[in-house]
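Subject: Structure handover

Hello,

Here is the structure I promised to pass on. My notes on it follow below.

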Amino acid sequence: MTWYLIKLAALLPLLAGMIWGSLWLTRRLNSRLANPQRERAAKLVESTMLAPGMRLAVVEFRGREILVGASRHGLVRLAEARVPESETGDG
């Protein structure tokens with residue numbers, strides 16, 4: 001019984017260290033592969049939850065802000081407006 005407890009005391013921290021190391025390595029590799037420098041075509045500006053399963057979102061796409069209603073059944077474009085030049089940050 002004593003031999004079992006000694007092995008358990010030695011292997012349990014080793015197993016915990018291996019689990020922690022694999023999680024750390026996975027997170028590090030995911031951040032490298034995500035390529036955060038890539039510019040996206042569509043950008044989520046703001047999102048508001050209206051009710052469970054219903055959301056109102058503003059998406060910026062090609063110099064326009066599009067108001068979108070999202071539910072469990074799909075997306076609906078509600079309105080569209082151009083983004084003023086002062087807010088785009090391009091110039």
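One definition is needed before the notes: a residue is called buried under 20% relative accessible area, exposed over 50%, and partly exposed in between, with a 1.4 Å probe and protein chains only. The model is a predicted one, so local features need pLDDT of at least 70 and side-chain atom pairs count only at pLDDT 80 or more, while totals for chains, interfaces and linings use all residues. Residues are numbered from 1 along each chain as its sequence is written, and side-chain values use heavy atoms, with hydrogens and water left out.

Overall layout

The protein has 2 helices and 4 strands, and along the sequence they follow the pattern α-β-β-β-β-α. Helices (H or I, at least four residues) and strands (E, at least two) are DSSP runs, numbered from the N terminus.

The radius of gyration of the protein is 24 Å, whereas a compact globule of 91 residues would have one near 12 Å. That radius is taken over C-alpha atoms, and the globule rule is 2.2 Å times the number of residues to the power 0.38. The C-alpha trace spans about 75 × 35 × 20 Å along its principal axes.

Of the 91 residues, 5% count as buried. The protein exposes about 8,300 Å², and carbon and sulfur atoms supply 62% of that area; the areas come from the Shrake-Rupley method with a 1.4 Å probe, and for residues only the protein chains shown count as cover. A contact means heavy atoms within 4.5 Å. Among contacts between residues at least 6 apart in sequence, 0% join residues at least 24 apart.

Alanine 42 lies in strand β1 (residues 42–51) and is partly exposed, at 43% relative accessibility. Leaving out residues up to four places away in sequence, alanine 42 touches Val59, Glu60 and Phe61. Its C-alpha atom is separated by 6.7 Å from that of valine 59, which is 17 residues apart from alanine 42 along the chain.

Alanine 57 is placed in strand β2. Is alanine 57 buried or exposed? It counts as buried, because its relative accessibility is 10%. Apart from neighbours within four places in sequence, alanine 57 is in contact with Leu44, Glu46, Ser47, Ile66, Leu67 and Val68. Alanine 57 and alanine 70 are 13 residues apart in sequence, with 7.4 Å from C-alpha to C-alpha.

Arginine 62 is found in the loop between β2 (54–61) and β3 (64–71). Its phi is near 50 degrees, a positive value in a residue other than glycine. Arginine 62 counts as exposed, at 72% relative accessibility.

Charges and salt bridges

There are 13 positive and 8 negative side chains, and the centres of the two sets lie 17 Å apart. Lys and Arg count as positive and Asp and Glu as negative, while His and the chain ends are not counted. Each charge is placed at NZ of Lys, CZ of Arg, CG of Asp or CD of Glu.

Side chains of opposite charge can pair when their charged atoms come close. How many salt bridges does a search of the whole structure find? It finds 2, a salt bridge being a side-chain nitrogen of Lys or Arg within 4 Å of a carboxyl oxygen of Asp or Glu.

One of them joins the side chains of glutamate 80 and arginine 64, at 3.2 Å from N to O. This pair links distant parts of the chain, with glutamate 80 in strand β4 (residues 74–82) and arginine 64 in strand β3, 16 residues apart. Glutamate 80 is partly exposed at 38% relative accessibility, and arginine 64 is partly exposed at 34%.

Arginine 77 also forms a salt bridge with glutamate 80, and their closest N and O atoms are 2.7 Å apart. Arginine 77 is exposed, with a relative accessible area of 60%. Through shared partners, the salt bridges join Arg64, Arg77 and Glu80 into one network.

Helix α2

Glutamate 85 lies in helix α2 (residues 85–88) and is exposed, with a relative accessible area of 66%. Glutamate 85 and glycine 63 are 22 residues apart in sequence and 8.8 Å apart in space, C-alpha to C-alpha.

Regards
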